[in-house]
Amino acid sequence: MRIAIVGLVIALAFGGYFLLPTPSDPEIPTYQLLQSSGPPEFETVQDPREFSFPRDHGPHLDYRTEWWYYTGNLVAQGGERFGYQLTIFRRGLTPGGTRRESDFATNQIYFGHLALTNVDEGEHVALERFERGSAGLAGASGDPFAVFLGDWSIQSLDETGTQVRLRASDVGFGLDLTLAATKPIVAHGEQGYSIKGGAEGNASYYLSFTNMQTQGSLQIGDRIFEVSGKSWFDHEWGTSALGAQATGWDWFGLQLDDGRELMLFHIRKGDDDGDEQISGGTLVAPNGDARWMTADEFEISPITTWTSELTGTTYPSGWEITIPAEGLELIVEPHVKDQEMRLNLEYWEGAVRVSGSVEGQGYVELTGYSGSMRGLY
Amino acid sequence: MKPLIRAGLRDLIRRPLFSGLMLAGLALGVAVVTAIDLASQSALRAFEVSTATVVGRATHRVVGGPTGVPEGLYIELRAAAGSMQMAPVVEGVVSALDFDERPMRVLGIDIFAEAPFRDQLSPGLVFDPDFQQFFTKPGMAIIGEEFAKANQLAPGAELAVQVNDRLERITVLGIVSTLGSSDVLLMDIAGAQELLGTSGRLTRIDLLADPDSVAALRTQLPPGLRIVSSSEQRDTADQLTSAFRLNLTALSLLALVVGFFLVYNTMTFSVLSRRPVLGILRSLGVTGRQIFAQIVLEAILVGFLGSFIGILFGVLLAHFALGLVTRTINDFYFLLTVREVTLTTSVAVKAIALGVGAGGLASVIPALEAARVPPVQVLRRSDLEQGARVWVPRVGLFGLGLAVAGSALFLLSDNSLPLTFIGILLVILGLALIVPFGTLAFLRLLRPLSSRILWRLAVRGLARQLSRVGIAIAALMVALSVTIGIALMITSFRSTVQNWLDITLYSDIYVSSPAAIGNRPQADLSPSLEARLARLEGVATVEAIRTVQVLGEKGELDLTAVDPRRVRDAGIYRLASGSARQVWDRVRQGAVLISESLEFRYGTTETLVLQTDAGEVTFDVVGIFYDYSSDRGTVLMSRDIYLENWDDPALSSLGVEALPGIDTYKLAESIRAELSGTGLIVHENQQIREEAMRIFDRTFAITQSLRVLAVVVAFIGVLSALLALQLDRRREYATLEAIGLDPEGLEKLTYLETALMGISASLMALPTGLLLALILIHVINVRSFGWTIQLTPAAGPFLQAILVGLVASLAAAVYPVSRLRRMTVAESIRGD
């Protein structure tokens with residue numbers, strides 16, 4: 001999912017970073033840079049296309065941005081409940097590969113976010129790392145499907161890439177999970193071609209395994225939990241970002257107990273531009289059939305809000321989602337209010353529970369609440 | 001007390017000339033000390049800052065041999081070391097061709113590993129489309145804001161740089177405030193590797209880790225690599241330069257010693273001329289103790305004032321001294337850029353303490369004398385001078401004792417440099433105290449030389465005025481002997497180095513890179529150059545030379561690997577077993593020679609352990625050779641053996657020998673033509689020798705300046721002594737004039753007297769200077785740097801000193817003489 005969002009997360013990342021240095025603070029460096037000769041000529045996402053696996057699980061270097069996004073709700077043998085997120089982003093600086101003398105030379109940057117939510121204790125931890133995509137420090141390949149960022153890795157266990165092992169750990173916590181897709185890959189939008197803005201090329205390719213049986217272990221402090229549960233995998237790539245009006249988005253990836261999965265996104269824009277808000281969704285049937293939904297088929301209404309004590313940002317914190325055609329009336333609530341990702345890029349991403357006409361679980365992502373990204377990208 | 005001080009101050013103000021001179025002498029002394037102190041502190045601080053720029057917050061670093069650390073190790077460690085923070089660094093030196101071949105440090109970093117270590121670049125920059133060229137284009141560098149401003153560089157500017165044997169262009173991608181004025185070209189690690197030609201290698205890996213993890217990591221390191229702590233690194237820099245800095249400080253203190261004499265001189269005069277007033281004060285009930293306190297207080301006030309002026313002047317002077325100090329550090333120790341002199345509290349406090357201390361101490365004897373003034377009336381001058389005859393031998397004896405004690409101190413103090421310097425200071429002070437006695441003896445010898453009235457007046461007059469004149473002569477003597485001592489030491493050192501160059505520089509033509517800084521070659525030249533040059537017509541042999549820094553048991557040392565085919569001249573060995581050929585045979589088989597300064601650092605040793613690419617290897621030491629190119633010590637080994645132990649085929653320089661009958665100038669031209677485009681420098685033997693001597697002279701430039709300053713202070717001393725003398729002898733002059741000595745005669749008398757002062761000071765400075773030179777050569781140099789210097793007897797420094805003594809004293813007489821002309825008989829007698 002998070003269709004349109006490819007560019008936007010980057011915009012967020014930019015935004016977050018750019019806001020950091022202020023010249024008045026002597027501790028923080030000031031820069032004066034040579035103007036670049038122009039934007040690099042990446043390909044843009046224009047049309048639906050055929051995918052071939054496992055190759056298309058791998059990187060697409062002709063496009064600027066790409067990510068591999070794993071989230072899931074897990075239960076330990078003792079009944080403790082957890083949420084996890086492991087994301088590895090790729091950012092191309094110029095299209096294609098690079099051929100230079102130094103092994104360190106690269107035009108690819110990889111960065112990753114790792115988070116764990118301990119539902120019962122109400123705790124959430126998150127951290128990030130960056131690496132250059134060269135010299136064996138970070139990289140990705142399609143056949144066999146693998147993505148790694150230092151010692152964080154996504155490694156396929158079969159030829160088609162439907163089973164993967166995730167390993168990531170850092171100071172204080174980590175995970176080692178094996179995931180197996182129980183449904184075929186879902187191509188969102190028009191066969192994976194996911195439009196995210198009015199202008200031509202404002203789109204991305206968006207693929208998901210919406211239901212992955214998960215098993216493995218989580219480590220928190222010096223405790224190890226043997227866990228099992230369900231994960232959701234998003235793989236998305238593209239080049240151009242949304243228009244300047246986008247301020248953020250809300251994304252929902254819900255796994256319902258009746259065997260269906262629901263992906264919904266909503267790109268928020270400033271109130272004044274009058275443009276149509278961009279929203280969309282996919283409903284995946286128990287047999288794996290996926291149906292694309294337009295904005296008029298569903299409604300998302302926030303019920304309540306939560307304000308972060310640490311950043312002062314207010315996020316919606318509970319929603320009512322209705323899809324009349326499917327007879328769905330869902331209440332979505334976070335397992336833990338504070339699942340704010342206080343990284344260079346500030347956003348909220350967390351495990352949620354679903355109640356209402358059908359129960360379930362899932363993950364929600366909320367961006368752009370900590371300050372408008374308008375004009376940043 | 002207050003009225004007393006006021007009276008004292010009034011007295012100082014009433015004699016602005018004396019007070020001014022006293023102040024000037026003291027201020028100059030303080031200024032010199034301050035300047036040297038500031039310069040050497042600023043240099044150290046700059047080193048720390050540049051270390052901070054380069055090392056950042058790293059606690060440790062993984063380092064290797066001359067070729068550094070394989071980059072694969074970094075990847076392995078990253079995977080294995082878990083959460084330990086580490087950052088790869090590629091460093092090198094290039095020279096900026098458009099900026100006077102200024103050496104610049106290339107710092108190649110991986111921005112993603114950097115954040116915990118250094119602040120130059122915020123990781124967020126990677127998302128700036130303009131910044132992205134940092135990664136994607138080769139040759140992109142970020143420079144410091146102040147450096148950019150000073151050199152008028154804006155983003156997009158191109159820098160032509162010499163890298164090893166290549167000319168390259170670097171584009172200024174950006175300017176960052178955190179690099180300041182440092183000469184750093186901050187590059188992406190890939191760009192730096194490509195620029196420096198070190199792909200696959202890192203200079204080091206910076207670590208941020210606790211001692212336990214470091215200890216664990218140590219056991220995982222392949223042979224040839226080791227972990228050093230950052231503080232070790234800083235300490236090394238401190239230690240490397242400490243002898244050099246201490247020598248400078250000691251020299252600067254000499255200027256203060258001369259200034260000390262000056263204060264003593266002036267205070268003595270002040271007391272003498274105020275005896276009537278003091279007598280009246282005493283009869284009014286002021287105690288001797290109070291008068292003592294008053295005089296000392298006055299001196300302390302002058303000390304304060306002098307210190308302040310001295311500090312101000314010292315800061316100005318420091319800018320000049322800084323250039324010289326930095327130059328030497330660059331030539332001998334490490335690359336450093338210092339442009340800032342910041343007055344620190346500690347330097348200021350030290351300067352004030354020195355100034356006030358010198359002033360107060362110098363006034364103790366005059367103050368004691370003042371306190372002893374009987375309350376009745378003025379004593380007659382002759383009584384006092386009578387007294388002088390008693391104290392002169394006593395003081396002389398005391399001085400002798402001091403000199404002996406001082407000698408004992410530095411002879412017995414083994415290798416402690418500070419104690420050595422204190423000993424020498426005592427010797428100089430002792431000898432200075434003998435000066436009045438010497439002067440008296442000298443004048444006695446002179447007396448019978450002529451029976452002319454002026455001669456007798458002058459000789460006797462001087463002898464009688466010894467209480468003031470003696471001090472001025474002593475000050476002059478100290479300054480002159482320092483001049484002689486230093487000049488003799490430098491001359492000897494220079495000719496020793498010249499002889500050494502004759503022996504060691506045997507090739508006709510040398511090829512090197514301008515990236516070499518001073519005498520530290522930094523370049524990695526292609527080994528193919530050897531064959532390329534050997535092919536040229538007229539070339540007999542080409543010798544490849546590799547000079548690198550390797551790790552020994554006591555830190556870094558220089559290693560020079562040379563062509564084993566050429567037997568070294570016996571003249572370079574100070575100590576070796578067997579003939580030159582036998583020694584060299586053993587060197588071919590794997591033994592090494594060590595330089596004197598290395599012997600000084602390591603002690604006499606039979607073996608030497610070096611970190612090679614395969615771990616520690618023990619080499620037999622078959623001899624000690626003279627070497628003046630580095631004070632950290634040099635190991636000389638066969639290049640064949642070097643290549644066996646280090647995977648480093650690069651060259652640092654090449655020596656070319658011409659076939660007999662070949663014009664070396666023409667050969668040098670054809671080598672230049674062959675190497676055009678490489679930017680390498682081709683020197684004929686003579687040029688390289690001149691270059692070496694130029695570096696030598698540059699090293700001693702600051703020593704020379706200190707010498708001049710000591711003479712300036714002494715000149716002020718003579719001037720003020722003369723003025724004092726004259727003022728003191730007004731009545732005598734008036735009487736002389738009254739009884740028929742014309743003004744011209746008086747002038748002649750003054751000149752004659754000062755000439756005698758100058759000559760007696762110079763004469764006494766000759767043996768003292770020689771002694772000082774011997775001490776500098778055989779004690780200070782050996783204890784500071786471990787160099788053997790042959791004393792070269794040269795008349796120059798001695799003649800120079802006599803000339804300076806004479807000129808200084810005669811020049812100092814010019815103003816007093818002009819005052820004499822304005823003095824009238826009537827006025828002088830009225831003053832009675």
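Trainee: What distance separates the centres of domain 2 and domain 3 of chain B?

Mentor: Taken over C-alpha atoms, the centres of domain 2 of chain B and domain 3 of chain B are separated by 32 Å. This is a predicted model, in which local features need pLDDT of at least 70 and side-chain atom pairs count only at pLDDT 80 or more, while totals for chains, interfaces and linings use all residues. Residues are numbered from 1 along each chain as its sequence is written, and chains are lettered from A and ligands numbered from 1 in the order in which they are written.

Trainee: And which residues make up the domains of chain B?

Mentor: The assignment gives 1–58 + 229–379 as domain 1, 86–201 as domain 2 and 514–679 as domain 3, with bounds that come from an automatic or database domain assignment.

Trainee: How many residues of domain 2 of chain B are in contact with domain 3 of chain B?

Mentor: Eleven residues of domain 2 of chain B are in contact with twelve residues of domain 3 of chain B, where contact is counted if the C-beta atoms, placed from the backbone, lie within 7 Å. On the domain 2 side, strand 3 of chain B gives the most, with three residues; strands (E, at least two residues) and helices (H or I, at least four) are DSSP runs, numbered from the N terminus.

Trainee: Changing topic, what does chain A bring to its contact with chain B?

Mentor: Chain A brings 37 residues and chain B brings 38 residues. Helix 1 of chain A gives the most to the chain A side, with four residues.

Trainee: Which strands pair across the two chains, and in what sense?

Mentor: Strand 1 of chain A pairs with strand 7 of chain B in the antiparallel sense over three bridges, pairing being called if DSSP finds at least two bridges between two strands. Within this pairing, Y31(A) stands opposite V176(B) in strand 7 of chain B.

Trainee: How many residues are in the largest nonpolar core?

Mentor: The largest nonpolar core has 152 residues, and A321(B) and L476(B) are among those with the most contacts inside it. Such a core is a set of buried Ala, Val, Leu, Ile, Met, Phe, Trp, Tyr and Cys residues joined through C-beta atoms within 7 Å, and buried means that 20 or more other C-beta atoms lie within 10 Å of a residue's own, again placed from the backbone. Helix 16 of chain B (residues 466–504) gives the most to this core, with 22 residues.

Trainee: What is A321(B) in contact with?

Mentor: Leaving aside neighbours within four places in sequence, A321(B) is in contact with A35(B), I36(B), A39(B) and I702(B).

Conventions:
Contact = placed C-beta atoms within 7 Å. Buried ≥ 20, exposed ≤ 12 C-beta atoms within 10 Å, placed from the backbone.
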